[in-house]
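Take a moment with the model before reading on. The text below starts with one pair of elements and then steps back to the whole chain.

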Amino acid sequence: MSSSGHLALVPRLLGWSYADLPADLRKTFEVALHAGSAPALLIAARRGAAPAGLPMLAVTLLPAALAGLAFERPVEERLGGMRSVALAQVLAGAALGIADRSPERRSEPDALDHIAVGLAQAAALVPGVSRSGAALTAGRLRGLSRPAAAALSLRAALPVTVGAGALKGARMLANPPPREIRVPIAVGFGAALVSALGSLPLLGLLGRRRHFVSGLACYRILLGAGALAVWRKR
């Protein structure tokens with residue numbers, strides 16, 4: 001979980017030169033990857049519980065949208081380093097694991113649940129904090145059942161993902177990438193689309209199996225801890 005976190009950590013852990021590319025090129029490539037994963041998120045959200053009304057949708061969207069417009073660049077500049085992203089992975093994974101131990105008291109989200117999820121998505125502006133993972137954590141802390149929290153997290157993440165992708169896509173069109181990297185961008189888009197569609201069965205497990213959520217939490221902690229260990233050796 002957390003595409004931004006994986007994009008920051010995996011290339012560095014594997015010794016790729018991706019981190020050495022200019023920031024604008026990396027941002028363009030990341031926009032393509034997010035755009036490729038959006039259709040799978042739409043399908044997953046449609047398979048979930050009945051969609052919320054527009055007021056509740058706005059409650060989950062506005063905090064993330066306002067935080068992104070106001071703080072996106074400063075946060076990425078100050079918290080986009082390997083150490084910060086790795087630490088965010090560890091903390092977010094631990095929070096998800098703790099939250100998933102909460103009792104499942106309710107199966108229908110209320111207004112406070114939507115507010116909590118909206119604020120959690122704003123926190124996901126920090127690289128390494130997954131948007132859907134933060135929303136799932138908030139829902140489970142609020143006592144929602146695992147299926148209800150998973151469905152709400154997917155529904156809430158969709159408009160934010162689409163909106164952020166549209167904004168970044170407009171910026172990319174205003175400053176088109178060089179011709180020589182357009183093919184890699186297209187390949188990245190296609191790979192993200194195929195892998196995201198292939199992961200739909202796994203997304204369904206979020207609402208049905210506790211051990212799957214616990215496994216995700218452990219994976220994030222191990223990934224972040226491994227990255228911190230590598231960072232200290234350098």
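Begin where helix 1 passes helix 4: the crossing is left-handed. The model is a predicted one. Helix 1 covers residues 3-13, and helix 4 covers residues 82-99. Their axes lie 10 Å apart. The packing angle is about 120°.

The angle here is about 120°. Helix 1 and helix 4 are therefore oblique to each other.

Now look at the residues that meet. Helix 1 brings G5, H6, A8, L9, R12 and L13 to the contact. Helix 4 answers with M82, V85, A86 and Q89. By type, the residues of this contact split into 6 nonpolar, 3 polar and 1 charged.

Step back to the whole chain. Which elements does it hold, helices or strands? The chain has 10 helices and 0 strands. Followed along the sequence, the pattern reads α-α-α-α-α-α-α-α-α-α.

The chain has 234 residues, and 41% of them are buried.

Last, follow the contacts along the sequence. Take those between residues at least 6 apart in sequence. Of these contacts, 85% join residues at least 24 apart.

Definitions and conventions. Residues are numbered from 1 along each chain as its sequence is written. This is a predicted model: local features need pLDDT of at least 70, side-chain atom pairs count only at pLDDT 80 or more; totals for chains, interfaces and linings use all residues. Side-chain values use heavy atoms; hydrogens and water are left out. Axes are lines fitted to C-alpha atoms, for helices over the stretch in contact, and angles run from 0 to 180 degrees between N-to-C directions. Helices (H or I, at least four residues) and strands (E, at least two) are DSSP runs, numbered from the N terminus. Angles under 35 degrees count as roughly parallel, over 145 as roughly antiparallel, 65 to 115 as roughly perpendicular and the rest as oblique. A crossing is left-handed if the near helix is turned anticlockwise from the far one by less than a right angle, and right-handed if clockwise. Contact means heavy atoms within 4.5 Å. Ala, Val, Leu, Ile, Met, Phe, Trp, Tyr, Cys and Pro count as nonpolar, Asp, Glu, Lys and Arg as charged, and the others, Gly among them, as polar. Buried means under 20% relative accessible area, exposed over 50%, partly exposed in between (1.4 Å probe, protein chains only).
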